[in-house]
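This report describes one protein model for a reader who is new to structural work. Please examine the sequence and the structure together while reading.

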Amino acid sequence: YATISAINLDKGDIVWQVAHGDTPDNIRNNPALKGIDVPRTGQAGFNIGTLVTKHLVIAGDGQMTTTPDHPRGAPLRAYDQATGKEVGNVLLPAPQSGSPMTYMVNGKQYIIVAVSGGNYSGEYIAYTLPDNS
């Protein structure tokens, strides 16, 4: 299952590691696991692409999931670069299908990500980042 790891390249130590992505519906809703609190596992497969900004690591889930916290969708997540703590997410209408990119216009930073899959034909979606991200 997918993880995102921060590695200190001077020492080779893992600084932090996080399960990336919600537990897939077919696992979380499996009758054999009823009554068991399954923590966030990440998702099978590999991460399509990760973007690093001044303070954030940004990556989208590779599968559509439904959780008590959100309807069916695939979150684009932002993690604190220093700690790995998830600091925000937005629900995408389909899984990330290309590496996120960033650009600036008039001093404002934007993130753009390609999404597609299933019945969703695909598009690019752009978001603004808070200042100093």
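## The largest pocket

The largest pocket holds about 240 Å³ of space. A pocket is an open set of points on a 1 Å grid over the protein atoms alone, where a 1.4 Å probe fits, with protein on both sides within 12 Å along at least five of seven lines; lining residues have an atom within 4 Å of a point. Its volume is the space filled by probe spheres set on the points, which are joined across faces, edges and corners.

Lining this pocket are 15 residues, of which R28, N29, I36, D37 and V38 are the closest to its centre. The lining comprises five nonpolar, five polar and five charged residues. Here Ala, Val, Leu, Ile, Met, Phe, Trp, Tyr, Cys and Pro count as nonpolar, Asp, Glu, Lys and Arg as charged, and the others, Gly among them, as polar.

## Basis of the model

The model is predicted: local features need pLDDT of at least 70, side-chain atom pairs count only at pLDDT 80 or more, and totals for chains, interfaces and linings use all residues. Residues are numbered from 1 along each chain as its sequence is written, and side-chain values use heavy atoms, with hydrogens and water left out.

## Overall fold

The protein contains one helix and 10 strands, in the order β-β-α-β-β-β-β-β-β-β-β from the N terminus. These elements are DSSP runs (helices: H or I, at least four residues; strands: E, at least two), numbered from the N terminus.

The C-alpha trace spans about 50 × 40 × 20 Å along its principal axes.
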